Amino acid sequence: MFHHLAAALPVETLAAADELNTDDLATWLRNLFGPLFLVIVSIVALFFLFTREITRFAQFILLAIGIGIIFYVPNIIEVTAKAIAKALGVDLD
């Protein structure tokens, strides 16, 4: 599995082994986990609908929307990461 993840990395990331390049990390994470997230949400939502658990279905959909915002709103991952780094005292300049 590690081989597949390493093969999916951009060439620029693998080429600069001595310097950490995180310019396209958020885009790569969205491309990797976005479709997987949608498949899992669809399967679980269908399960709740078929078992007629409407309350749990509504709770799950609200949670899925919240998590989906993290993956699909532009720059939210970068802003959150910078805020955490700043709170920990890391110099970003």
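Okay, let's start with the rings: a search of the whole structure turns up 2 aromatic pairs. By a pair I mean rings of Phe, Tyr or Trp (its six-membered ring) with centres within 6.5 Å; planes under 30 degrees apart are stacked, over 60 edge-to-face, and the rest tilted.

Before I go on, a word on what you're looking at. This is a predicted model, where local features need pLDDT of at least 70 and side-chain atom pairs count only at pLDDT 80 or more, while totals for chains, interfaces and linings use all residues. Residues are numbered from 1 along each chain as its sequence is written, and side-chain values use heavy atoms, with hydrogens and water left out.

F47 is partly exposed, at 47% relative accessible area, whereas F48 is buried, at 8%. The other pair joins F48 to F60: the ring centres are 5.8 Å apart and the planes sit at 65°, so this pair is edge-to-face. It links distant parts of the chain, with F48 in helix α3 and F60 in helix α4, 12 residues apart. F60 is buried too, with a relative accessible area of 18%. Put together, ring pairs link F47, F48 and F60 into a cluster.

Now let's zoom out. How many helices and strands does the chain have? There are 5 helices and 0 strands, so to speak in DSSP runs, numbered from the N terminus: helices are H or I with at least four residues, strands are E with at least two. Along the sequence the pattern reads α-α-α-α-α. The chain has 93 residues, and 14% of them count as buried. Its accessible surface comes to about 7600 Å², and 70% of that belongs to carbon and sulfur atoms; the areas come from the Shrake-Rupley method with a 1.4 Å probe, and for residues only the protein chains shown count as cover.

And contacts? A contact is heavy atoms within 4.5 Å. Taking the contacts in the chain with a separation of 6 or more, 42% are between residues 24 or more positions apart.

Next, the inside. Which residues make up the largest nonpolar core? That would be F37, V41, A45, F48, F60 and A64, 6 residues in all. Both α3 (25–50) and α4 (54–72) supply at least two residues of this core, and α3 gives the most, with 4 residues. For the record, a nonpolar core is a set of buried Ala, Val, Leu, Ile, Met, Phe, Trp, Tyr and Cys residues joined through side-chain atoms within 4.5 Å. Take V41: leaving aside neighbours within four places in sequence, V41 is in contact with F60 and A64.

There's another α4 residue I'd point to, A58. A58 is partly exposed, at 38% relative accessibility. The C-alpha atoms of A58 and F48 are 9.2 Å apart, though the two residues are 10 apart along the chain.

L46, L49, F50 and I54 make a nonpolar surface patch of about 440 Å². Patches take residues with over 30% relative accessible area and no salt bridge; like charges are joined within 9 Å, and nonpolar side chains (Val, Leu, Ile, Met, Phe, Trp, Tyr) within 5 Å. The largest share of the patch, 3 residues, comes from α3. I54 lies in α4 and is exposed, with a relative accessible area of 54%.

What sits in the loop between α3 and α4? R52 does, and the backbone there deserves a look: R52 has a positive phi of about 60° although it is not a glycine. R52 is exposed, at 74% relative accessibility.

Last stop, charges. Side chains of opposite charge can pair when their charged atoms come close. The structure holds 1 salt bridge, meaning a side-chain nitrogen of Lys or Arg within 4 Å of a carboxyl oxygen of Asp or Glu. R56 forms it with E53, and the closest N and O atoms are 3.1 Å apart. R56 is partly exposed at 46% relative accessible area, and E53 is partly exposed at 26%.

Technical notes
Buried means under 20% relative accessible area, exposed over 50%, partly exposed in between (1.4 Å probe, protein chains only).
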